[in-house]
Amino acid sequence: MMQAEIIAVGSELLGPSRLDTNSLFLTRELQRLGVPVIRKTILPDQREVLAAAIADACRRTPLVFTTGGLGPTEDDLTVTAAAQALGLALRQDAAAVRRLRRRFRNRHARMSRNNLQQTMRLADAQWLPNPVGSAMGQWCATPRGALVLLPGPPVELHRMFLEQVLPRLKDKLPRAAIHTRVLSLVGLDESRVDSLAAPLYRRVSNPATSILATAPQQVELHLTASARTPGGARIRTDRLARQLTRRLGTAVFSQDRQSLAEIVGHLLRQRRETLAVAESCTGGLLGAALTETAGASDYFLGGVLAYANAVKANQLGVSAVTLRRYGAVSAATAREMAAGVSRRLGADWGVAITGIAGPAGGSRTKPVGTVFVGIVNRAGAPAHSVRFHFSGDRDRIRRSSVLRALNELRLALLASPRR
Ligand code: ATP
């Protein structure tokens, strides 16, 4: 597989306020061609540093792109660094000099000697014309492939890439297509997912697999395959996706980027069943997550925010004995809250959350992060509850609670026979 690397040149890109967006553009465009970018580097305007990096990159990777540093000033060093890196002579190009003079004449501007720097071409390189700026790019063959020098200003880079680079690349590449599949997982941390998945994905280099922790309690596996056709690429990702889901089991909740709330909604809608929630420590976040998807009112009836014990008792029917004996944050309270809210709102399913989000309120037996999720299906077995211990700050604990509550509901739905 042809691979690429990008070197973004410009000291300003190492500062706090200018982002290297050129490499994002290039990565996207290259990915469409089936050329993965395997390394990006951002470097200052220093000739020796640039020369060393360009030499290394050209040794290791077939396609090397630089962006920036093609201008007429002292700190525009990419061309001389490239010459040094590849051991190539630099030649002043007479046609380029004429073109530059004409450009200045047309603009009634004086050309300074510095500008001639932009007419120096690497021996054997091809110019890449720049219809919107003065700095031309260069396409230079290397022993492994090509070094492509592109200008820094994004508009110039975009046009030059699309008009000059793309056609040259397409000639060189076998036709390739890319397909990405995303497996979303809940409840396993990144290292656990990796230890389960690595034995499977390490066996193959196409698809390439990466693991991302995207939110508390959530991890994604991105499988990206290339092949001659889109269908071929899809077959490759799907084969690995099947093996991974077999290994990872019910932790995988989606294979096409649906949220957990969407999946739960989909299951409820399929079964024509309804849901009500009772929330203590999440203060409505569960309801909010459920109603993020349009059409949630098909299955989501509503909920009760039950913070005070009186609300838990009077609105949800949590017994005074339970509250006194086990406390508001307990397995029994979570169960009774779930049962109570489903009864009160006439829903098929009830989900309850009660916990300690902190920073205060923890104890030795129930430290901050202790959360109980209660689940009930009124047509099924009595309510059950699950105890969690989440780490992190208040926000993280609350968001973890919502996700694990949604997941408990998903698991209960999957386990309960459809009527
Ligand atoms: P010219 O001299 O014709 O402007 P150049 O190739 O010398 O072109 P630079 O001087 O390196 O380009 O950069 C010009 C401007 O382009 C920078 O000030 C910055 O705004 C933008 N730029 C450079 N590199 C990047 C990058 N990697 N991502 C986004 N913008 C960039």
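1. A hairpin of 6 residues links β16 to β17. Helices and strands here are DSSP runs, helices being H or I of at least four residues and strands E of at least two, numbered from the N terminus. Two strands count as paired if DSSP finds at least two bridges between them. Isoleucine 375 has histidine 384 in β17 as its bridge partner.

2. A word on the source: this is a predicted model, in which local features need pLDDT of at least 70, side-chain atom pairs count only at pLDDT 80 or more, and totals for chains, interfaces and linings use all residues. Residues are numbered from 1 along each chain as its sequence is written, and side-chain values use heavy atoms, with hydrogens and water left out.

3. Axes are lines fitted to C-alpha atoms, for helices over the stretch in contact, and angles run from 0 to 180 degrees between N-to-C directions.

4. Within this sheet, β15 (residues 349-355) and β16 (residues 370-377) run antiparallel and are joined by 7 bridges. Alanine 352 is placed opposite glycine 374 in β16.

5. The loop between β15 and β16 contains proline 359. The peptide bond from glycine 358 to proline 359 is cis, with omega near 0 degrees. Most peptide bonds are trans, and most residues other than glycine have a negative phi.

6. Two residues are worth checking for phi. Glutamine 217, in the loop between β10 (208-215) and β11 (218-227), has a positive phi near 75 degrees and is not a glycine. Arginine 272 also is not a glycine, and its phi is positive at about 55 degrees. Arginine 272 lies in the loop between α8 (260-271) and β13.

7. Another open sheet has 6 strands in the order β2-β1-β3-β8-β7-β6, again with mixed pairing. Its edge strands are β2 (37-43) and β6 (126-128), each of which pairs on one side only. From one strand to the next, the twist averages 15 degrees.

8. In this sheet, β1 (residues 4-9) and β3 (residues 63-67) pair in the parallel sense over 5 bridges. Valine 64 in β3 is the bridge partner of glutamate 5. Helix α2 (residues 47-60) packs on the sheet, touching β1, β2, β3 and β8, and its direction makes about 170 degrees with that of β1. Helix α1 (residues 22-32) lies across β1, β2, β3 and β8 (146-150), running at about 165 degrees to β2.

9. Which residues come nearest to the ligand? Of the 20 residues around the ligand, they are Asp20, Gly69, Leu70, Gly71 and Gly152; a residue is counted as near if one of its heavy atoms lies within 4 Å. The shell divides into 8 nonpolar, 7 polar and 5 charged residues. Here Ala, Val, Leu, Ile, Met, Phe, Trp, Tyr, Cys and Pro count as nonpolar, Asp, Glu, Lys and Arg as charged, and the others, Gly among them, as polar.

10. An N or O atom in the side chain of arginine 18 is 3.0 Å from an oxygen atom of the ligand. A backbone N or O atom of glycine 152 is 3.0 Å from an oxygen atom of the ligand. For threonine 21, a polar backbone atom is 3.0 Å from a nitrogen atom of the ligand. Such a polar contact is a pair of N or O atoms within 3.5 Å. Taken alone, the ligand exposes 610 Å², of which the protein buries 78%; accessible areas come from the Shrake-Rupley method with a 1.4 Å probe.

How values were computed: Polar contact = N/O pair within 3.5 Å; in protein donor to acceptor, adjacent residues only side chain to side chain. Contact = heavy atoms within 4.5 Å.
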